[in-house]
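Please look over the sequence and the structure first, and keep them at hand while reading.

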Amino acid sequence: MSSSLVRVLLHRAAVARVTLAPHQTLRKTSALSRCGSVLHRQIRGINTFTLPLRTEEKVTINFVNRDGKKISVTALTGNSILDVVVDQNLDFDGFGACEGTLACSTCHVILEEDVYKKLGSISDEEMDMLDLAYGLTDTSRLGCQVCLRKDLEGMLLRVPETVADARVDSQQESST
Amino acid sequence: MALHDTFLHLGRKNLLQHTYKQIFMQTRGLHKTTASGSVDITHSPADLKDDTAKASEEVLDVANAKNLKDMPGPSTVSNLLEFFYRDGFSRIHEIQMEHSQKYGKIFKSRFGPQFVVSIADRDMVAHVLRAEGVAPQRGNMESWKEYRDLRGRSTGLISAEGEEWLKMRSVLRQLIMRPRDVAVFAPDVNPVVEDLVKRIKTMRSLQPDGQTVENINDLFFKYAMEGVATILYEARLGCLEEDIPKMSQEYIEALHLMFSSFKTTMYAGAIPKWLRPIIPKPWEEFCSSWDGLFKFSQIHVDKKLSEVKRKMERGEEIKGGLLTHMLVTREMSVEDIYANMTEMLLAGVDTTSFTLSWSAYLLARHPMVQQQIFEEVERVLGGRVPTGEDVANLPLIRGLVKETLSRLFPVLPGNGRVTQDDLIVGGYFIPKGTQLALCHYSTSMDEENFPSAEEFRPERWLRKDSTDRVDNFGSIPFGYGIRSCIGRRIAELEMYLALTQLLQKFHIKVSPDATDVRAKTHGLLCPGAPINLRFVDRD
Ligand code: HEM
Ligand code: FES
């Protein structure tokens, strides 16, 4: 499936509470970046559009997958890490199960310390979900909450193992 | 071919979630499950042994796991006595604790035909929930489904399973699960809070002391209903008015019937169909309360639908909230919208109101804590009405709700899962299709998870910084993962806004003749007696 189709579908899903004239299509919103989509919504007729339209720029980011393999991808600013994983069809088993709605913590990624610091504050809701992530570290974030910016060029993200990967070990443990 | 269709279908809906390969594998898994009927969760002891034996042949690395046969637990007879004779249903939360102390953190029991493995350990709960597949199943929803088939209704999120569930869930979570998407409803909820405050003032003026409000839950019930309806239906119901409109009153009665007949409706599911002619009442009550609930949401949805249609015909611009959006985009059929609105309203009222009641009760009994939270509210808002965004700056208000709901009074003291795969938990081999009970009440009261577990300490939830962690699988009042509570953020918003404003306006105090109110389980963990509180003006 082409990534542009994916994009349209994603937008379809992400655009809630928009104002719809009968002839309008949801496709119109696809020019907007996905992080902070709420800001682009019109609620009860009140336009809460507060962000100027940013031009999207390319950044390269590097994943290290669960087998330790490095995967470099080019992505657009304004997308979340989860968007990138989906768009690029990166095969991380079970990643992003709740589609970025802060209900699952399966989009857990581990960052380098300087990048972690650079990203700044984390919402309480994200921290609550992070608490439930498997293999949590001090520089863990949820991929669906991290938005790509130009200054993250070259960032390195480790995708930690999941409980499924660890299952064999814990089985051995629990049976001894 | 059919498989391929499903694949494409799921694939489109669910791209965000999974890569091609995964979907393919999981869809296959899903089909296998349904086709082989292994979601059937009642096992006779003989079946169970058989299944276990079969499965362990297949899965080699489970050779060392213990057999369910050897799992401790109360005998069937003592369990029957406990529940039916000694009314264990109202003490499920206490029995959960007793049993986990007696039999360990994983034990088995049998409720009539239903075999259940209970898990009262934080790490085991985490293990089960993290291993979930694409469409987790909570429990046997046969009676709900039967009613819906009987009346030609759709299933909503609570009662749907498998692909059907996933399709609706994918639509709804994009609308009401992200905290920032829900924060925009604050301007709709705040006027409801204002009405709550007014109502408190009216109610207390009717009392000799001019301060007491009796049975505070009654008021919070109306608040919760009004609050969730403003968001779901984009309509006010008038529950907090002096004279409640007839339609809303009828709905309240249907909800009460559903709730009060909870035990009977549990039997409605448990009583085999052939017995219904002899014991017809539970099933009849079950159906008639559902009739009431469906009717109410249908009226509201239809009203909005004709409004939308009218505007479309005239070529007018359509502006609106959640329901409007759903009716315009039609990502779900109108029948599915009826069903989901019905089930969400059902799930969203008692849960929220009990939590508010317990929070207010705890605040009244802990004036020092109340003062501390009040000071935070004053510091941040200085008397201003809170917005959705302010909540981020009120960590103690969030702590208050967590301490109430996550720890002391988890409205759902336990949750269920039917295993979709063979699992090893706590060293036991648990075959696919087993009903698990996750004992959240026990884990939230476990000293290992929460030191001084009996104490009310909202500040235990404050973080020093963003790397300050609490491993809180010990308390997941909204569940965890893709089948967790879809209304979580809505409920949180309603509770944060109400509690903040109540603290701004009133000293909440115990009434002089107040006694301890204990919790009892009635499906949900609810106050065992009316909670009477005094609301004393701050200024
Ligand atoms: C304090 C308030 C609430 C609590 C404690 C609560 C708790 C829960 C829990 C524990 C579950 C089961 C989750 C799981 O199995 O993992 C659940 C499911 C659900 N809740 Fe809530 N809930 C609350 C409020 C609401 C509200 C306001 C709504 C509606 C807007 C709602 C709608 C639902 C629905 C539809 C489900 C089924 C979800 C599914 O199966 O996909 N709840 N809730
Ligand atoms: S995708 Fe579920 S929390 Fe990020």
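## Helix packing and the ligand shell

Helix α18(B) passes α20(B) in a right-handed crossing, where right-handed means that the near helix is turned clockwise from the far one by less than a right angle, and left-handed that it is turned anticlockwise. The model is a predicted one, in which local features need pLDDT of at least 70 and side-chain atom pairs count only at pLDDT 80 or more, while totals for chains, interfaces and linings use all residues. Residues are numbered from 1 along each chain as its sequence is written, chains are lettered from A and ligands numbered from 1 in the order in which they are written, and side-chain values use heavy atoms, with hydrogens and water left out.

The axes of α18(B) and α20(B) come within 10 Å and cross at roughly 115°, axes being lines fitted to C-alpha atoms over the stretch in contact, with angles from 0 to 180 degrees between N-to-C directions. That makes α18(B) roughly perpendicular to α20(B); angles of 65 to 115 degrees count as roughly perpendicular, those under 35 as roughly parallel, those over 145 as roughly antiparallel, and the rest as oblique. Helices here are DSSP runs of H or I with at least four residues, and strands are runs of E with at least two, numbered from the N terminus.

From α18(B), Ile397(B), Arg398(B), Leu400(B), Val401(B) and Leu405(B) meet Met495(B), Tyr496(B), Leu499(B), Thr500(B) and Leu503(B) of α20(B), contact meaning heavy atoms within 4.5 Å. By class, this contact of α18(B) with α20(B) has eight nonpolar residues, one polar and one charged; Ala, Val, Leu, Ile, Met, Phe, Trp, Tyr, Cys and Pro count as nonpolar, Asp, Glu, Lys and Arg as charged, and the others, Gly among them, as polar.

Helix α18 (residues 395-408) of chain B also packs with helix α16 (residues 334-365) of chain B, at an angle of about 110° and with the axes 9 Å apart. That makes α16(B) roughly perpendicular to α18(B), and the crossing of this pair is right-handed. Among the residues that meet here are Trp358(B) and Leu362(B) in α16(B), and Leu400(B) and Leu405(B) in α18(B).

Helix α16(B) packs with α8(B) as well, at an angle of about 60° and with the axes 12 Å apart, and the two are therefore oblique to each other. In this contact Met168(B), Leu172(B) and Ile176(B) of α8(B) meet Asp336(B), Asn340(B) and Met344(B) of α16(B).

Around ligand 1 there are 27 residues, a residue being near if one of its heavy atoms lies within 4 Å. The largest share of this shell, six residues, comes from α16(B), and by class the shell has 15 nonpolar, eight polar and four charged residues.

| Residue | Distance to an oxygen atom of ligand 1 |
|---|---|
| Arg138(B) | 2.6 Å |
| Trp165(B) | 2.8 Å |
| Arg483(B) | 2.7 Å |

Note on methods. A polar contact is a pair of N or O atoms within 3.5 Å; within protein, one must be able to donate a hydrogen and the other to accept it, and residues adjacent in sequence count only if both atoms are side-chain atoms.
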